[in-house]
Amino acid sequence: MLDEYLYGTIDRISPEAPVQVVNWREQRSALGGAANVGSNLAQLGCEVFLAGVVGRDHAGEELLHLAKQLGMHTDGVVVEDRPTTLKTRVIGHGQQVLRIDRETRSELNEPSVGTLKDFVQKCLPFVDGVVLSDYAKGVLQAEICKSVIQMASAAGRAVVVDPKGDDFAKYRGAFLLTPNKAELGRATQLPVRNEDEIRAAIACLFSQTECEAILVTRSEEGMSLYTRTGSETHIQTEARDVFDITGAGDTVISMIARVFFAGQDLETAARLANVAAGIKVGKFGAAAVSVEEISAAIRQRENQGTRKVVELSQAKQLVSLARSQGRKVVFTNGCFDLLHAGHVQLLQKAKALGQVLIVAVNDDASVRQTKGNGRPLISAMDRARIIAALEAVDHVIIFSGLTPLHLIEELRPDVLVKGGNYNLEEVIGRKEVEKYGGRVVLIPTIDTQSSSQIIKEIVTRYQLANESSG
């Protein structure tokens, strides 16, 4: 589809009707829909073979011209006697005041279906993967989806899908689906109000589609990647001011395809897609995100680790700000003297319970009291910096004393989290949190060694190595 932007100024109301009058200043066009996915991929350095439909009109000619300018192959774009999907946005003083859509949602005619299939078949030996960008405009009907996925599978090429509608069965056999939370609910006809309901919907969708992975985009809650093997990865949203969400889904599927088809794992692809989406929503319109912008964002984030470590007074201000924005605050604590996989999973799941995760880390004296004179192995500031470097963590506080009760009373978190090795009655701060309406959540930990067990194992192996060498 083609995106058209009409820019102007607004300084009066029409005498004919109670509507604003836009004084036209400028017009520009950009690639939209699946063509915007192609645009993103081309600008990320990919060779793109574009397939779809346009009409016999000026908008179709403009779309093909823009695609060719970016170096895309457009032989797979069929031309039919139908209007090219055109979205015209009227912009006044930087704000969208009106959108006009011209389109048809009728399915492709039989010759066009055959042309598209033949084009895909010819392209498959030259590509690393296939993206199906479904906008429910009549191109990706069930027959085409089935044929493309079967041909790609036979050629050993993965298919990733940005889905649309309520019938995801047509994507059966694709490698990855990227629905948003609302689309997941509609496709499965199941509620998706909390983590358990989302997992149930995911299980249903795996059964429907037999895909290998599902990436659910969750707006301000970030993204969640689920695989058929049962793994879950929750990625927090990139904290940015949202200016325009137009094309954010296109950015996500483009970056996923770019990274995954280049041989990287899906989690890496999803994390980079999350970074790219964070950049995109700060731009106006369906704008592409460059490699340079992504690199700069990653460097900036890497430099933020030490700034996450805060004093109590700073934490109180940050909590107050979060509450004013309607964001839920989650709190947990621990020694973290040798960070291990169980800690990381606990913190990831804790972050999924809200939007702001605060982690309290025991100071050196309290670790010594709790664990013995040989501990800690790592100083409090270094432990805090390690925790701060985790994506799921927003703020870290170092505290003295054997319990974080005074922090809980001062910060009043919405959710207090501890590991599943605790009983509710043992959780410090439970009564205080529940008294003001908060809740306490015990998160089951994965079957892994504790920090103390790991340290004992290191000592034992070191002693055995010395004895054998002696």
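A nonpolar core is a set of buried Ala, Val, Leu, Ile, Met, Phe, Trp, Tyr and Cys residues joined through side-chain atoms within 4.5 Å. In this predicted model, the largest such core holds 45 residues, and the members that touch the most others are Leu176, Leu215 and Ile256. Helix α8, residues 266–280, supplies the largest share of this core, eight residues. With residues up to four places away in sequence left out, Ile256 touches Leu176, Leu215, Phe261, Ala269, Ala270 and Ala273. Another core, of 35 residues, lies apart from it; Val127, Tyr171, Ala201 and Val216 are among its members. In soluble globular proteins, nonpolar side chains tend to be buried together.

An open sheet is built from six strands, in the order β7-β8-β9-β10-β11-β12, with mixed pairing. Strands β7 (129–133) and β12 (232–235) each have a single partner strand, so one side of each is left without a neighbour in the sheet. Helix α4, residues 142–154, packs on the sheet and touches β7 and β8 (158–162). The direction of α4 makes about 165 degrees with that of β7. Within the sheet, strand β9 (residues 176–177) runs parallel to β10 and is joined to it by two bridges. Leu176 stands opposite Ala213 of β10; Leu176 is also one of the residues named above for touching the most other members of the largest core.

Helix α5 spans residues 181–188, and its buried residues are Glu183, Leu184, Gly185, Ala187 and Thr188. These buried residues pack against helix α6 (195–209) and strand β10 (213–217). At the start of α5, Asn180 places a side-chain oxygen within 3.1 Å of the backbone nitrogen of Ala182. Just after the helix, Gln189 has a positive phi of about 55 degrees.

Side chains of opposite charge can pair when their charged atoms come close. The whole structure contains 26 salt bridges. One of them links Lys181 and Glu221, with the closest N and O atoms 3.3 Å apart. Lys181 belongs to helix α5 and Glu221 to the loop between β10 and β11 (223–227), so this pair ties together parts that are 40 residues apart in sequence. Both ends of the pair are partly exposed: the relative accessible area is 23% for Lys181 and 32% for Glu221.

Other salt bridges lie within a single helix. Asp196 pairs with Arg199, the closest N and O atoms being 3.2 Å apart. Both residues are in α6, three residues apart, which is about one turn of the helix. Asp196 is exposed, at 58% relative accessible area, whereas Arg199 is partly exposed, at 29%. In helix α15 (residues 430–435), Glu434 and Arg430 are four residues apart, again about one turn of the helix. Their salt bridge has its closest N and O atoms 3.2 Å apart. Glu434 is partly exposed, with a relative accessible area of 39%. Buried means under 20% relative accessible area, so Arg430, at 19%, counts as buried. Salt bridges with shared partners also join Lys181, Glu195, Arg218 and Glu221 into one network.

Technical notes. Residues numbered from 1 in each chain as written. Predicted model: local features only at pLDDT ≥ 70, side-chain atom pairs only at ≥ 80, totals over all residues. Heavy atoms only, no water. Buried < 20%, exposed > 50% of the residue type's maximum accessible area, 1.4 Å probe, protein only. Contact = heavy atoms within 4.5 Å. Polar contact = N/O pair within 3.5 Å; in protein donor to acceptor, adjacent residues only side chain to side chain. Pairing = 2+ DSSP bridges. Axes fitted to C-alpha atoms, helices over the stretch in contact; angles between N-to-C directions. Salt bridge = Lys/Arg side-chain N within 4 Å of Asp/Glu carboxyl O.
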